[in-house]
Amino acid sequence: MTGTGQKKPAFTAERLVKTFDVSAPWLSRVIERKPRQLLQAVNDISFTVPAGGCLSIVGESGCGKSTVARLVTGLHRPSGGELRFAPGRNGAPLSVQMIFQDPYASLNPRWRVKNIVAEPLREMKLLKTSVEITERVEELLETVGLSASDGEKYPHEFSGGQRQRISIARALASEPEFLVCDEPTSALDVSVQAQVLNLMRKLQDELGLTYLFISHDMSVVRHMSDRIAVMYLGRIVEEGDTEELFANPRHPYTRLLLQTIPNVQQPNRDRVVGGGEVPSPLKPPSGCTFHPRCPVAIGRCSAEVPEVRTLSGGTRVACHLVEEQVAHAAR
Amino acid sequence: MGETMDQPILEVRNLTVEFPGRHGTVAALSDVSLDIRAGEILGVVGESGAGKSMTGLAIQGLLERPGHISGGEIWLEKRRIDTLDDYEMEKIRGRKIGAIFQDPLTSLNPLFTVGAQLGETIRQHLNMSKSQAKARAIELLGEVGIPSPDERVNHYPHQFSGGMRQRVVIALALAAAPKLVIADEPTTALDVSIQAQIISLLRRLCKEKRTAVMLVTHDMGVIAEAADRVAVMYAGRLIEVGPVNQVLHASSHPYTRGLMASIPALAARVERLNQIDGSMPRLDAIPDGCAFNPRCKSVGPRCIREQPELMPAGDGASACWLNAGGTA
């Protein structure tokens with residue numbers, strides 16, 4: 001599933017903004033004379049997800065990647081910008097479903113698995129008779145590698161990986177064409193993670209699904225995606241084809257991320273670790289938000305916000321230095 | 001590991017931990033033996049429920065009732081500690097054994113300044129005056145890489161970021177210069193760039209202070225970068241132990257090999273990840289013979305009948321009948 005440059009977009013986000021009001025309660029604000037406090041969780045980001053492909057959003061905690069997932073699925077209303085879904089199978093906009101991170105929290109412990117999986121069918125009135133619903137549920141459970149008889153059990157009877165399979169079955173119940181997966185394997189052990197990732201790849205090939213994949217794990221992202229967008233403090237700092245991004249990371253933050261992942265194959269035991277941590281999104285630094293941690297920051301970086309520029313290879317980068325290098329090379 | 005090396009700081013011999021329950025007794029740990037030398041990091045890996053944290057808790061005497069040590073011995077600096085009473089153990093924890101837990105926010109008291117918490121630990125174990133303890137606290141914060149420690153010592157935990165908090169927890173664990181530090185998933189709650197900082201800090205402190213470190217984690221990447229030797233656990237047993245390169249890249253146990261193969265590679269992309277089918281058995285339903293046999297690709301008749309013990313394999317040991325010579 002590589003080389004999707006020509007594929008038409010299944011989903012487009014344009015200048016998406018999400019601001020949360022995290023002010024203290026009204027009375028405290030009045031007494032302490034504090035202003036309202038706003039948190040820019042997602043700050044002017046644009047991206048497209050290719051039809052039948054997989055775009056991954058990576059970044060550290062607090063960078064806004066989960067907020068993007070929730071905006072796309074409509075669990076949050078955007079404060080600005082546009083979300084556009086391409087027409088799906090029957091002309092109506094693409095249908096979306098979501099897989100959540102924690103399979104221990106996303107399944108109702110009091111419901112039998114068959115009812116959990118059937119809920120979207122009943123709720124959206126997709127099938128009429130209970131016979132049809134039972135058949136469909138059994139088929140779904142088998143699709144995700146469980147047996148039809150597992151429908152009678154409760155979630156606590158399953159292991160983490162099996163529960164994640166149940167939540168995938170539930171997400172597939174309404175036959176969506178677009179799945180938003182928010183860290184679907186980060187609560188799982190590696191051997192089980194491999195099972196779930198393999199299943200997701202298989203389903204993508206068989207059902208022609210489009211994925212928006214949210215993760216903090218670069219190796220998982222590399223395995224799953226065609227394109228990767230790297231987020232830092234609410235902005236996309238770099239977006240490009242998976243192979244290109246790994247072979248030739250342009251943004252200093254992408255390079256930092258790639259350097260600091262512990263590598264099992266070639267461990268780097270004497271690494272020199274760059275200092276610094278992600279600043280609070282409540283008080284983001286001026287200019288390029290990465291400049292206090294950036295090893296190659298120049299004067300402009302603390303003053304101007306870098307624009308996202310598209311390079312020749314299709315990679316989009318928001319960095320003054322890269323911009324200047326490109327301008328220099330063109331001269 | 002040659003015989004010429006100095007005596008291990010920690011020796012665990014055939015440790016068995018049991019939890020009696022309504023439906024019979026469950027063995028959370030069976031026959032676990034390991035040792036750690038001064039200045040050495042032993043990585044303990046395994047899936048959740050494999051018993052890696054349990055091993056750390058048992059060594060510290062922190063097992064929750066009704067769990068108890070039902071067999072085996074734990075020796076710390078040639079002193080047997082598993083038979084000590086609570087009062088004696090309390091003197092050992094902090095003084096001889098330092099602990100670093102996963103979540104730095106829950107291991108610090110939000111109501112006291114970092115300095116007060118460090119000072120308390122220092123004065124509890126070392127004979128120091130208040131001002132001496134404060135000076136030592138500042139020194140410790142500096143050692144773990146916290147900028148302007150003389151100011152930060154008066155701050156509360158919430159004024160620190162996640163990575164800085166974990167540094168404070170490490171300072172707290174090292175406050176009384178313990179011989180052994182048990183770090184239970186010290187980087188799991190942190191971001192990758194911060195994780196790298198904490199790993200290199202742990203490595204530096206371990207080598208400088210000649211502390212024995214037991215690093216419990218599920219992350220093979222962390223093990224590859226931090227540990228000197230690795231112990232792999234599965235269903236409450238130690239199934240393989242050896243030098244980090246051997247265990248990770250030339251393992252003689254099918255489980256370790258499968259685990260390594262199931263990690264998505266950073267270098268190249270494969271169409272399909274190698275997966276180990278099934279999941280780890282529950283502790284009350286461990287199959288006969290080798291606990292891994294239902295998931296093992298090279299299973300033989302002997303694996304279903306007999307429990308393999310750790311057998312020498314290369315520079316380490318592995319509990320698999322494939323290493324017993326001949327076939328399984």
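A residue is called buried if 20 or more other C-beta atoms lie within 10 Å of its own, exposed if 12 or fewer do, and partly exposed in between, with C-beta atoms placed from the backbone. Helices (H or I, at least four residues) and strands (E, at least two) are DSSP runs, numbered from the N terminus. The model is predicted: local features need pLDDT of at least 70 and side-chain atom pairs count only at pLDDT 80 or more, while totals for chains, interfaces and linings use all residues. Residues are numbered from 1 along each chain as its sequence is written, and chains are lettered from A and ligands numbered from 1 in the order in which they are written.

**Exercise 1.** Determine how strand 8 of chain B is enclosed and which strands it joins.

*Solution.* 
Step 1. Strand 8 of chain B is largely enclosed by the rest of the structure, because 5 of its 5 residues are buried.
Step 2. In a regular strand the side chains alternate between the two faces of the sheet. In strand 8 of chain B, Ala212(B), Met214(B) and Val216(B) point one way, Val213(B) and Leu215(B) point the other way, and all are buried.
Step 3. Two strands pair if DSSP finds at least two bridges between them. Strand 3 (residues 41–45) of chain B runs parallel to strand 8 of chain B and is joined to it by 4 bridges; here Val44(B) has Val216(B) as its bridge partner.
Step 4. Strand 7 (residues 180–184) of chain B is likewise parallel to strand 8 of chain B, with 5 bridges, and Asp184(B) stands opposite Val216(B). From strand 7 the chain passes through helix 7 of chain B to strand 8, a right-handed β-α-β crossover; right-handed means that, with the strands pointing away from the viewer, the path from the first strand over the helix to the second runs clockwise.

**Exercise 2.** Locate the backbone exceptions at Arg210(B), Arg15(A) and Pro66(B).

*Solution.* 
Step 1. Most residues other than glycine have a negative phi, and most peptide bonds are trans.
Step 2. Arg210(B) has a positive phi, near 55°, and is found in the loop between helix 7 (192–209) and strand 8 (212–216) of chain B. Arg210(B) is partly exposed, because 13 other C-beta atoms lie within 10 Å.
Step 3. Arg15(A) also has a positive phi, near 45°, but lies in strand 1 (residues 9–21) of chain A. Arg15(A) counts as exposed because it has 12 C-beta neighbours inside 10 Å.
Step 4. The peptide bond from Arg65(B) to Pro66(B) is cis, with omega near 5°. Pro66(B) is found in the loop between helix 1 (52–60) and strand 4 (68–76) of chain B.

**Exercise 3.** State which elements of chain A touch chain B.

*Solution.* 
Step 1. Two residues are in contact if their C-beta atoms, placed from the backbone, lie within 7 Å. In this sense, 33 residues of chain A are in contact with 35 residues of chain B.
Step 2. Helix 6 (190–207), helix 7 (218–224) and helix 9 (252–260) of chain A each give two or more residues to the side of chain A that touches chain B. The largest share, 8 residues, comes from helix 6 of chain A.
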